[in-house]
Amino acid sequence: MTRQILDGIKIIELGQLIAGPFAAKTLADFGAQVIKIEPPGQGDPLRKWRLLHEGTSVWWEAQSRSKQSVCIDLRQEDGQDLVRTLAASADIVIENFRPGTMEKWGMSWEALHAINPRLIMLRVSGYGQTGPKRDEPGFAAIGEAMAGLRYLTGEPGRPPVRAGLSLGDTIAGLHGALGLLLALYERDARGGEGQVIDAALYEGLFNLSESLLPEYSVFGAVRQPAGGALPGIAPSNAYRCGDGEYILIAANGDGIFTRLMRRMDRPDLAEDPALARNDGRALRSVELDTAIEAWTTQHDSGTILEALREAQVPSGRIYTARDIAEDPHYRARDMIAKITAASGIEVEMPGIVPRLSAHPGAIRHRAPTLGEHTDPILREAGLTNEQIALLRTKGVIA
């Protein structure tokens, strides 16, 4: 295996479920050592989320690849002491508890920074470490609503829907990972000390909200849900074909629009000067969508997609999990990774993103069983076998 960019970086992961662990998984893919602290007993609740194989979620296998599991009861003082001991030699601590929890356990940023001035801390929460909503519980779905995303999803006049994925968590985790890399650069390349990254679930999504707030601040415009369309950018929508399948067509580029209209045998629209630029097309988006669907419904989806490929118009099928698993492009780009879980089953999962040419990252080992690395990690931290045995009898570790 080639040297990885984050070789030698040690991360203590105190969070659970998705946001903090997703940030840690992203850095583990590029060589960071991630020591995941789990409560004795059931461990991270994600082990029991979604579909289980022999009692363990297959999602867990993807989220916790290349990590090490150490079981410590953080509610006990001895457990808190153990984490402080581990943090003393760590580069990063990641936590996603409700604000105030780490302080209650004697592991505030100030306390950990005093032990290890080089330590960097990522704190992920629903609303951030400050502000009037700081102490409220926050999950991804609530963050999606507060960021304005949930209002936009769905058909006009109908209840909003969610994407079916925990976007608030993973996007916050990605922003957290970015913050950690920036803080590592400041510390290691510029001689700085450690610092805190304060990542809120709603803020990661809000950062992706494009023109939502600028349009309101200037025009008082409140963007409304538009189903499969992209308001103000046309044509771009899902269109029904003759076989009942829907395909996506994104012909909002000026030249692309012209090529599409000509392929549809609509020279009147292709050559209409009022439709030459997006602002003109946006005013007639309903007319354009009607014209496009009148064409797509005359043919099956495969015929339409082939015609669009020939015309170099961005388009595509709406993929299911089966489509992803069977698509040769995913395989050609190593975007489907495979590991053998502790139970012996093979699990396919997303590959490593982003793709780096010289240091592409690697999945070094399967997700850990609960507490699999407790003893070796504690011995590495300086504890004797006798001390480890005593802590186990007291229920501090498992």
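Accessible area here comes from the Shrake-Rupley method with a 1.4 Å probe. With that in hand, I opened this predicted model and looked up the surface: the protein chain exposes about 20,100 Å², and carbon and sulfur atoms supply 55% of it.

**Entry: overall picture.** I checked the extent next. The C-alpha atoms fill a box of roughly 85 × 50 × 40 Å along the principal axes. I found 19 helices and 13 strands in the chain. How many residues are there, and what share is buried? The chain has 398 residues, and 45% of them are buried. I also looked at contacts with a separation of 6 or more: 67% of these are between residues 24 or more positions apart.

**Entry: charges.** I noted 43 positive and 51 negative side chains. The centres of the two sets lie 2 Å apart.

**Entry: helix α8.** I picked this one to follow along its length. Helix α8 covers residues 167-190, which is 24 residues. From first C-alpha to last it reaches 33 Å, close to the 34 Å expected at 1.5 Å a residue.

Then I asked myself which residues of α8 are buried. My list has G168, D169, I171, A172, G173, G176, A177, G179, L180, A183, L184 and R187. A reminder to myself: an α-helix has 3.6 residues a turn, so residues three or four places apart point the same way.

What do the buried residues of α8 pack against? I found helices α1 (19-28), α6 (140-146) and α9 (201-206), along with strands β6 (92-95), β7 (120-125) and β8 (196-200).

Methods
Residues are numbered from 1 along each chain as its sequence is written. This is a predicted model: local features need pLDDT of at least 70, side-chain atom pairs count only at pLDDT 80 or more; totals for chains, interfaces and linings use all residues. Side-chain values use heavy atoms; hydrogens and water are left out. Helices (H or I, at least four residues) and strands (E, at least two) are DSSP runs, numbered from the N terminus. Buried means under 20% relative accessible area, exposed over 50%, partly exposed in between (1.4 Å probe, protein chains only). Contact means heavy atoms within 4.5 Å. Lys and Arg count as positive and Asp and Glu as negative; His and the chain ends are not counted. The place of a charge is taken as NZ of Lys, CZ of Arg, CG of Asp or CD of Glu. The expected span of a helix is 1.5 Å times one less than its number of residues.
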